[in-house]
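Okay, thanks for coming, everyone. Let me put the thing up on the screen, and then I'll walk you through a few parts of it.

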Amino acid sequence: MLKLHGNLPVLNAVAKSSYLVTVTTNQNLPSVIKKNRALLTNPNQDPRGFKALLTRELGKKDFDSASDIFHVSDDYDYLKDGDIIRLDPSSGSMRSLYRKSSPYNTLLLTEQCDHYCLMCSQPPKDVDDSWLLQEAFELISLIPIDTEALGFSGGEPTLYRDRLIDLLHHTKRSLPNTAIDILSNGRAFKDVEFAEKYAGVQHPDILIGIPIYSDDPVRHDYVVQSRGAFDETIKGILNLKKVNQRVEIRIVIHKQTIDRLVKTCEFIARNLLFVDHVALMGLEITGFTRPNLGVLWIDPYEYKDILSEAVAVLNSYGMTSSVYNHQLCTINPDVLGNYKKSISDWKNEYLDECVSCTKRGECGGFFSSSKKHKHSEYIKAYT
């Protein structure tokens with residue numbers, strides 16, 4: 001698991017507040033560009049003129065004092081040219097916001113939410129964190145124009161309403177060829193006018209992922225801990241499709257959703273056949289999942305036949321569907337055509353049992369939290 005944030009020893013502090021900056025190893029940049037870069041130094045480089053310096057030499061003293069200077073340990077050896085980080089000289093805080101080499105860059109827009117899902121991986125906070133949205137505006141202006149894909153998540157991003165629409169317009173202008181994925185509970189789109197504003201962005205490649213946890217409204221509302229959520233979510237999906245927007249339905253599989261998983265897929269196929277993708281997702285052992293593990297955990301190996309039946313239903317209706325966050329040794333062979341490696345690289349790990357596995361390169365592995373807290377008892381290496 002990569003360490004994406006922490007506190008760095010500050011060797012010199014100039015700036016009075018935190019800022020975003022792009023990492024570079026090129027000491028020969030023009031002066032006007034240096035002012036907006038953090039130089040990842042080695043002993044032979046000239047660090048003068050840069051906004052910040054990131055050095056692995058804790059005791060080195062002969063740096064340009066006009067720059068903020070941070071010591072970076074081997075925990076951050078993944079930092080490369082083009083990565084974007086937030087630095088705070090007053091506290092030494094560093095957070096990696098964008099990694100140029102990663103296909104999994106997702107921007108957290110808020111930790112506020114109108115759901116309280118049993119397995120929420122980003123537990124909601126009732127605080128004003130609108131600074132996250134403002135940071136997203138700034139970050140998008142720095143992200144390279146050739147970035148293939150970018151995600152927006154929360155919390156619930158649609159709580160921003162028109163400000164989210166503004167962000168999407170800004171993203172389209174700054175990154176016109178970048179595919180955008182948004183995670184949302186979909187309820188805000190029950191408002192036809194808001195759905196039309198979203199469509200009015202006219203982004204050429206945008207997909208919104210919306211969860212449906214059961215065909216039974218009571219069960220869905222229980223999982224998300226919000227009465228009336230199911231009906232509003234369905235209305236939201238219908239309104240989005242009326243204005244020709246791409247929608248993915250996401251189902252997290254656990255003890256509260258497994259009993260009706262096949263029925264839920266039948267409901268989707270019969271009533272929402274026009275959605276663009278269905279994702280069947282394994283459980284991430286983090287956030288609210290940990291205290292609720294007793295009512296959520298079921299070994300993936302134990303539901304592999306149910307998963308096969310659910311996938312078969314979606315396939316029989318010609319729907320595009322994928323199985324995410326599972327290990328190859330916990331699924332049946334008939335699911336392989338829908339199987340995807342999906343766990344973000346910064347939190348993807350493997351067990352010791354996987355070292356000798358001949359299919360490791362094809363397998364999605366584990367969330368680092370699953371490796372630490374709970375995983376299938378049926379993991380085995382293919383030979």
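**Helices, strands and what they touch**

When I say helix or strand, I mean DSSP runs numbered from the N terminus, helices being H or I with at least four residues and strands E with at least two.

Quick housekeeping. This is a predicted model, where local features need pLDDT of at least 70 and side-chain atom pairs count only at pLDDT 80 or more, while totals for chains, interfaces and linings use all residues. Residues are numbered from 1 along each chain as its sequence is written, and side-chain values use heavy atoms, with hydrogens and water left out.

Back to α6, residues 229-242. Buried residues in α6 include F230, I234, I237 and L240. Buried, by the way, is under 20% relative accessible area, exposed is over 50%, and partly exposed is in between, with a 1.4 Å probe and protein chains only. An α-helix has 3.6 residues a turn, so residues three or four places apart point the same way. The buried residues of α6 pack against α4, β12, α5, β13 and α7, where contact means heavy atoms within 4.5 Å.

Now take β12, one of those neighbours. Six of its six residues are buried, so β12 is largely enclosed by the rest of the structure. I206, I208 and I210 point one way, and L207, G209 and P211 the other. Strand β11, residues 179-183, pairs with β12 in the parallel sense over four bridges, and L183 sits opposite G209. For two strands to pair, DSSP has to find at least two bridges between them.

How do the axes of α7 and α9 sit relative to each other? They come within 9 Å and cross at roughly 10 degrees, so the two helices are roughly parallel. Here axes are lines fitted to C-alpha atoms, for helices over the stretch in contact, and angles run from 0 to 180 degrees between N-to-C directions. Under 35 degrees counts as roughly parallel, over 145 as roughly antiparallel, 65 to 115 as roughly perpendicular, and the rest as oblique. On the α7 side, L261, V262, C265 and E266 make the contact, and residues they meet in α9 include I306, L307 and V313. The contact residues are eight nonpolar, no polar and two charged.

As for α9 itself, its 13 residues reach 18 Å from first C-alpha to last, close to the 18 Å expected. Its buried residues also pack against β14 and β15. Just after α9, G318 has a positive phi too, about 75 degrees.

Last stop, the open sheet: eight strands in the order β1-β8-β7-β3-β4-β5-β6-β2, with mixed pairing. β1 and β2 stand at the edges with a single partner strand each, so one side of each has no neighbour in the sheet. From one strand to the next, the twist averages 30 degrees. β2 runs antiparallel to β6, joined by two bridges, with V10 opposite F70.

Definitions and conventions:
Ala, Val, Leu, Ile, Met, Phe, Trp, Tyr, Cys and Pro count as nonpolar, Asp, Glu, Lys and Arg as charged, and the others, Gly among them, as polar. The expected span of a helix is 1.5 Å times one less than its number of residues.
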